[in-house]
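Subject: Structure handover and notes

Hello,

Here is the structure we discussed, for your own work. Please look through it before you read my notes.

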Amino acid sequence: MIEKKEREQIVALIKREVVPAIGCTEPIAVALCTAKATEVLGCRPEKIEVYLSANILKNAMGVGIPGTGMIGLPIAVALGALIGKSEYQLEVLKDSTPEWVAEGKKMIDAQCISIALKENIEEKLYIEVSCSGENGTSKAIISGGHTHFVYVSKGDEVLLDACSGKESEQEAGDVQLSLRKVYDFATTAPLEEISFILEAKRLNKAAAERSFHEKYGHELGRILRGSKSEKDVMGDNTFTHILSYTSAACDARMAGAMIPVMSNSGSGNQGIAATLPVVVYADDNHKSEEELTRALILSHLTAIYIKQSLGRLSALCGCVVAATGSSCGITYLMGGGYQQVMFAVQNMIANLTGMICDGAKPSCALKLTSGVSTAVFSAILAMEKKCVSSIEGIIEEDVDRSIRNLTRIGSEAMNETDRMVLDMMTHKHCD
């Protein structure tokens, strides 16, 4: 068993990375930054200037903002200034009402909000908000993490001046993870230390079940659950239940439903993909609460481990990372040991590496479904002791080296892909 001090560090890491969020985390982080700048200003801003890294801009352009019926950043900025509370973190807009949305629309119409790309920065997660009003000026900067403030000022007074966001990626640097350590922690930690992860089941399953009864996004979850698709074509089984629950929760989140989900590493979709396939498999197969708890810890901590070297935002779709976690969790529930879990990771990396992120949007439900279907296939293969070998592609004998190959592709090799995707998204020709 892992020593108590290190277990406490890992628990703290999970609790920092697995948190509730309402709405897509990129526009919500922009609202959070706006809320902080407004709080420091001490009055309603008359002018708000927002500067964003390309990856934040990409992920915030096409998603619904909770409780507004609107898409995009302007309403998120307006509500952040009007009703946002920075203490709420990624639930910053939970006090929104139709009356405040109407007020936010007036702020947009008054053209007091400007949003632009921040030029010449390397950090992929960067948000800078400057406010001005009758009390003067203020500025807040988030960098390196969706809730990680690195700079706050009011007028000439600097209230916070931390180091660049790069360091926040290594906040958990005191916890040196490997897949073996992730597995050992998940399977041996005292149950009372890790049972908090069951809140992820409650939140994310509730989001999916609400989505079954509403019309969110492309309604992929509802369609998969319908008799024509699920029963007549794909069958009524655990596999299709996994797909419908996962995509339904994503449908609601991307459409801007005022429904909290449990996120992972700053992403609600990653939290959904790391949670619901494991939950549905456990429920359908009557697994014990302890088995589910350990499987969820294994899933979420695997995703956190991979994200440590990939970075918060990249050109690689986050569902690849989260679905790799859920494949580990499902493998464990199938009765697999460390070798089978390792095989599942190798199979996932061999299959999904290179799936691009072209921004957060309703069709993310399709990508999550691709990811979690592969998670199931990879787990089944792993339980048959089938694993992609080191003579194939980027897979190496050492699974941790395979993970590094995946994250190097996502964080380094796909940078030009990221730039091209953003260029395509911002220069569409609409007839």
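The model is predicted, so local features are given only at pLDDT of at least 70 and side-chain atom pairs count only at pLDDT 80 or more, while totals for chains, interfaces and linings use all residues. Residues are numbered from 1 along each chain as its sequence is written, and side-chain values use heavy atoms, with hydrogens and water left out.

Helices

Helices (H or I, at least four residues) and strands (E, at least two) are DSSP runs, numbered from the N terminus. The expected span of a helix is 1.5 Å times one less than its number of residues. Buried means under 20% relative accessible area, exposed means over 50%, and partly exposed is in between, with a 1.4 Å probe and protein chains only.

Helix α5 runs over residues 98–109. Its 12 residues reach 17 Å from the first C-alpha to the last, close to the expected 16 Å. V101, G104 and M107 are the buried residues of α5. Seen down the axis of α5, these buried residues fall within an arc of 110 degrees, so they line one face of the helix; the arc is that of the directions from the helix axis to the C-beta atoms. The buried residues pack against β2 (47–52), β4 (70–71), α4 (73–82) and β5 (113–117), where contact means heavy atoms within 4.5 Å. On the face of α5 turned away from the buried side are the exposed residues P98, E99, K106 and D109. Q111, which follows α5, has a positive phi, near 55 degrees.

Helix α11 covers residues 238–255. Its 18 residues should span 26 Å at 1.5 Å a residue, and the end C-alpha atoms are 26 Å apart, which agrees. This helix is mostly covered, with 15 of its 18 residues buried. At the start of α11, a side-chain oxygen of N237 reaches to within 3.1 Å of the backbone nitrogen of F239. That is a polar contact: a pair of N or O atoms within 3.5 Å, where within protein one must be able to donate a hydrogen and the other to accept it, and residues adjacent in sequence count only if both atoms are side-chain atoms. Just after α11, G256 takes a positive phi of about 90 degrees.

Helix α17 (residues 399–413) has 15 residues and reaches 20 Å between its first and last C-alpha, close to the 21 Å expected. D398 caps the N-terminal end of α17, with a side-chain oxygen 2.9 Å from the backbone nitrogen of D400. D400 is among the buried residues of α17, which also include V399, S402, I403 and L406. The elements covering the buried residues of α17 include α6 (179–188), α13 (289–310), α14 (318–333), α15 (338–352) and α18 (415–426).

Salt bridges

The structure holds 20 salt bridges, each being a side-chain nitrogen of Lys or Arg within 4 Å of a carboxyl oxygen of Asp or Glu.

K201 forms a salt bridge with D283, the closest N and O atoms being 3.4 Å apart. This pair links distant parts of the chain: K201 is in α8 (residues 198–211) and D283 is in α12 (residues 268–284), 82 residues apart. K201 counts as partly exposed at 24% relative accessibility, and D283 counts as partly exposed at 27%.

D283 also meets K205 in a salt bridge (2.8 Å, N to O). Here too distant parts of the chain are linked, with D283 in α12 and K205 in α8, 78 residues apart. K205 is partly exposed at 22% relative accessibility.

E49 forms a salt bridge with K47, with the closest N and O atoms 4.0 Å apart. E49 is partly exposed, at a relative accessible area of 26%, and K47 is partly exposed at 44%.

Cysteines

How many disulfides does the structure hold? The count is 0, a disulfide being a pair of cysteine sulfur atoms within 2.5 Å. For C250, the nearest cysteine sulfur is that of C364, 5.5 Å away. C250 is buried, with a relative accessible area of 0%. For C387, the nearest cysteine sulfur is that of C328, 12 Å away. C387 is partly exposed, with a relative accessible area of 29%.

Regards
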